[in-house]
Amino acid sequence: MQQRAILTPSSKPIVPKHVHLQFDNLRGKWVVLAPESVFWPDEQSLEILKLCDGKTSVKAMIEHLAKQYAAPKSVIEPDVTEFLQEWSDKLLIRVI
Amino acid sequence: MPASGPPIGILAELTHRCPLQCPYCSNPADLLKSSSELNSKEWLNVFEQAADLGILQAHLSGGEPTVRRDLEQFIEYLDSRGIYTNLITAGVNLSEKRLNVLANCGLDHVQVSFQGARPETTELIGAYKNGHQKKLATAMSVRSAGLPLTINAPIHRHNIDEVPEFIDLAVELGAERLEIANVQYYGWAYLNRAALMPDIEAVHRQVDIVESAQASLKGILNIDFVVPDYYADYPKPCMGGWANDVLIVAPDGTVLPCHAAQTIDALDFDSVRKQSLQQIWQHSAALNKYRGFDWMEEPCRSCPRKELDFGGCRCQAYAITGRAEATDPACMISPDHKGLEQLATEFAHNPNFEFNYRRIKTRG
């Protein structure tokens, strides 16, 4: 039986093929299309999702975002980890 | 009031034809024959208009959508417009070969219904021989085609005790989602209420089982639970509000806010055969009738929950009270709530039943 994925700093999350992250021209915002659901990620969530390429580790994501937002890693880390675990639990991202 | 924004999704009921005869089918009791269905060109035109209007997801349903041989064209077109496609199938007449073709056309997700977790229940409810085995095969082909799978389990008296088995089945099949969807009593299900209504004890057991599985299967299987209205405390936010997020196009092109809307006799729905989808979405009197909050009466009007549930379901209000403007009797604040509970108890304890199976009437 499958196991729940628990994210670690070395996990490399990926948005799976059947979850579409795309820009909606009509509404002028990014949207996530998934089985039977539609999500409108806020700016911070969007930045995280864009890094879910299966190559970037959670640790590298936190470093990247800390630099981008000029914020300490300790501030960024809980938000990023919580978001990724939540999206992984909803099966909207996968962990490699 | 007119639409405040574009719809997010379209539910295309491509046909009312279906090999199954489930007595709770969400299609209207007056089923349309194939001769009244939109043809390929007309459906493609509907999808083009829907894409222009701003829809993001297309749910291809029926009846059984795979009886349409032009399904491939529709998926290919929708995919080319960046629209997420969801096939809602009974899974008894879909070969692995065709499923792979559909996947190659850009299909994103498949929902397969299971009438029972046991073969004999599936066969009893769908009135289709060996249906269960075929459904299992379809579900497995969905997974081997690399597509995400939802198992849809409509729940009623005859399968409510199979809920744990439905959960096991979904996990074994590698499904991402399981819908434990207690039957909604409109249309066919309304006709079969006495044969389908579970009793309150079974409902309570089911709630405990589902809640515990939702916790233990976190990150493995998403379980969506649609509670049984007749035993609910509050109504569901039906369709995310009347003509708010989703539009439904019936096989003959009639545009509806939900599956059951045509049960409300006073409403006259428009058709894509006569008007553009844009005109209908914006200006249809029937779609505008219960949009937003202005139409509401008390107790809904001053209730803060109206933002959550939009007053519940208009079709249920109409079916139970004879007035579509009434508060959905599923709500405990509704003056009709007690009556609904009593009805449920009466139906649940009526041991004499015979299914009124879903069949197309033989008339002109």
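## Pockets and cysteines

By class, twelve nonpolar, five polar and three charged residues make up the lining of the second largest pocket, where Ala, Val, Leu, Ile, Met, Phe, Trp, Tyr, Cys and Pro count as nonpolar, Asp, Glu, Lys and Arg as charged, and the others, Gly among them, as polar. This is a predicted model, in which local features need pLDDT of at least 70 and side-chain atom pairs count only at pLDDT 80 or more, while totals for chains, interfaces and linings use all residues. Residues are numbered from 1 along each chain as its sequence is written, chains are lettered from A, and side-chain values use heavy atoms, with hydrogens and water left out.

A pocket is an open set of points on a 1 Å grid over the protein atoms alone, where a 1.4 Å probe fits, with protein on both sides within 12 Å along at least five of seven lines, and lining residues have an atom within 4 Å of a point. Volume is the space filled by probe spheres set on the points, which are joined across faces, edges and corners.

| Pocket | Volume | Lining |
|---|---|---|
| Largest | about 1,800 Å³ | 50 residues |

Nearest the centre of the largest pocket lie A:Glu36, B:Gln111, B:Asn152, B:Glu179 and B:His259, and its lining divides into 23 nonpolar, 18 polar and nine charged residues.

With a disulfide taken as a pair of cysteine sulfur atoms within 2.5 Å, the count over all chains is zero. The sulfur of B:Cys313 is 4.0 Å from the closest cysteine sulfur, in B:Cys238, which is too far for a bond.
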